[in-house]
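Here is a friendly walk through one model, a few residues at a time. Please keep the viewer open as you read.

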Amino acid sequence: MRAGAPVVGVVHGAALAFTVAGLGGTLWNGVSEPGNALAFGVLIALGELARWGALPGEREPAPLAAAGALAYALLGEQAGSATTHGVLQIVAVVVAGGLVGIVPHIARGKGPGLDRMARRVLTVGFAALCFQPLYNSGEVTDRLGHGPAYALFLLLLLVLTALCDAVLAALMLRARTVPRSALRRTGGGAPGEARGSTPIPYGPLLRDELRALIGIGSAVCATGTVMALGVAAAGLWALPVFCVPLLLTQVSFRRYAAVRTTNRQTIASLARATEIAGCTPPGHARRVAALSGAVGRELGLSGPELTVLEYAALMHDIGQLSLVDPVPEGATALLPAEEQRRIALLGGAVVRQTGVPAAVAVVVERQADPYRDQPLPARIVRTVNAYDDLAGHSAGGALTALERLRLATARDHHPDVVESLARVLARGGVAPAPPG
């Protein structure tokens with residue numbers, strides 16, 4: 001049994017128990033305010049259907065469904081009249097609407113997966129448990145009224161719910177991650193000969209989830225709050241009005257993500273030019289980019305910084321195309337420092353002509369500098385590139401390459417980067433990149 005299986009089992013079991021209690025309690029007691037239940041159920045179903053066109057690995061492919069579910073959990077009034085639905089009915093409506101909305105996706109073999117559904121049930125149930133008993137007891141309105149303080153209370157509650165979801169998502173991702181061998185070379189030695197069993201650190205995964213809250217997560221929280229307040233004041237007519245901004249945000253985000261995907265594919269194609277020309281071994285740029293991203297996440301780089309790092313790692317050897325005499329097997333780490341520097345400057349000049357952000361060219365240009373003069377992404381690219389080069393030319397493979405990197409920490413390789421690379425390799429090589 002995998003180490004993460006108990007965590008996954010507990011989360012799925014809790015979500016299943018919540019679902020059974022919600023559906024059973026609603027069937028036993030009947031549906032309170034069926035109009036509200038139907039409206040929010042339809043909204044959640046439509047939100048799930050709107051995941052059509054979602055990109056693989058998208059962090060929140062159904063933001064409208066998430067916002068609608070949270071709004072129903074925080075609904076205390078409808079057009080000025082107090083609501084009477086409880087926590088169990090909220091869970092039942094969310095589950096029923098979600099199931100209706102994902103059936104077409106399941107039929108196409110693109111369902112959301114049990115992990116995402118379990119998180120939705122638990123986070124909505126958490127929000128409902130925090131809000132409904134307090135509101136029904138009159139504590140909230142007696143102390144806060146219905147003004148700005150009440151709106152701030154809803155927003156803070158949604159933020160707390162989002163934080164809980166981030167913690168849960170990081171736990172699930174860590175539990176689902178299976179240590180595996182490092183990317184193997186297609187020729188020469190194997191840098192990932194040793195299989196590690198060290199689990200993925202929880203900290204970097206949680207940081208990635210928390211950073212995602214600034215993007216689509218903040219839009220979901222804000223829309224959920226506005227929906228709950230709008231329905232309380234104006235009735236169910238407020239739902240379609242407040243859905244539009246989130247739908248537009250969703251469309252804009254997917255277009256932006258599609259552009260990013262196209263850019264990455266273009267850069268990856270440019271990076272393969274060195275392989276096609278015979279300057280570097282097959283798969284070298286891809287391996288360096290994958291390992292650099294894993295090391296960058298280990299060292300806490302943000303999303304935009306990881307994008308720059310990935311692009312620079314893919315194109316770090318492009319300067320070799322300007323050489324008259326190719327480097328033997330493309331192993332720039334074995335060259336004298338001045339020659340490495342010259343190739344890096346040639347590469348930076350080429351990168352500046354491709355239209356990628358200037359920060360990428362800076363990393364490529366400075367990858368051969370002493371590490372005390374380098375920005376962190378350049379330190380990572382230099383160390384990972386040297387590791388891949390050395391592992392293919394060392395009799396001892398990965399272990400010998402790492403030892404040589406550690407011996408060069410006085411000038412060439414930053415000790416923190418080398419140790420981060422060692423930790424990544426110890427747990428099996430390249431950790432799965434977080435979505436988004």
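## A residue inside a helix

In which helix is Thr161 found? Thr161 sits in helix α7, which covers residues 148-176. Helices here are DSSP runs of H or I with at least four residues, strands are runs of E with at least two, and both are numbered from the N terminus. Before going further, please note that this is a predicted model, in which local features need pLDDT of at least 70, side-chain atom pairs count only at pLDDT 80 or more, and totals for chains, interfaces and linings use all residues. Residues are numbered from 1 along each chain as its sequence is written, and side-chain values use heavy atoms, with hydrogens and water left out.

Is Thr161 buried or exposed? Thr161 is buried, at a relative accessible area of 2%. The word buried stands for under 20% relative accessible area, exposed for over 50%, and partly exposed for what falls in between, using a 1.4 Å probe and protein chains only. Leaving aside residues up to four places away in sequence, Thr161 touches Leu70, Thr123, Phe126 and Ala127, where contact means heavy atoms within 4.5 Å.

## Salt bridges

How many salt bridges does the structure hold? There are 13 salt bridges, each being a side-chain nitrogen of Lys or Arg within 4 Å of a carboxyl oxygen of Asp or Glu. In one of them, Asp165 pairs with Arg119, and their closest N and O atoms are 3.0 Å apart. Asp165 belongs to helix α7 and Arg119 to helix α5 (residues 114-136), so this pair ties together parts that are 46 residues apart in sequence. Arg119 is itself buried, with a relative accessible area of 15%.

Another salt bridge joins the side chains of Glu365 and Arg352, at 3.0 Å from N to O. This pair links distant parts of the chain, 13 residues apart: Glu365 is in helix α14 (residues 358-365), while Arg352 is in the loop between α13 (337-351) and α14. Glu365 is buried at 17% relative accessible area, whereas Arg352 is partly exposed at 43%. Arg411 and Asp412 also form a salt bridge, with the closest N and O atoms 2.8 Å apart. Arg411 is partly exposed at 39% relative accessibility, and Asp412 is partly exposed with a value of 22%. Elsewhere, a network of salt bridges links Arg341, Arg366 and Asp369.

## Positive phi angles in two loops

Where is Glu33 placed? Glu33 lies in the loop between α1 (5-29) and α2 (34-49). Its phi is near 50°, a positive value in a residue other than glycine. Glu33 is partly exposed, with a relative accessible area of 23%.

Ala79 also deserves a look: its phi is near 55°, again positive in a residue other than glycine. Ala79 is in the loop between β1 (77-78) and β2 (81-82), and counts as partly exposed at 42% relative accessibility.

## Cysteines and disulfides

A disulfide is a covalent bond between the sulfur atoms of two cysteines. How many disulfides does the count come to? The count is zero, under the rule that a disulfide is a pair of cysteine sulfur atoms within 2.5 Å. Two cysteines can still be placed by their accessibility: Cys243 is buried at 7%, and Cys279 is buried at 8%.
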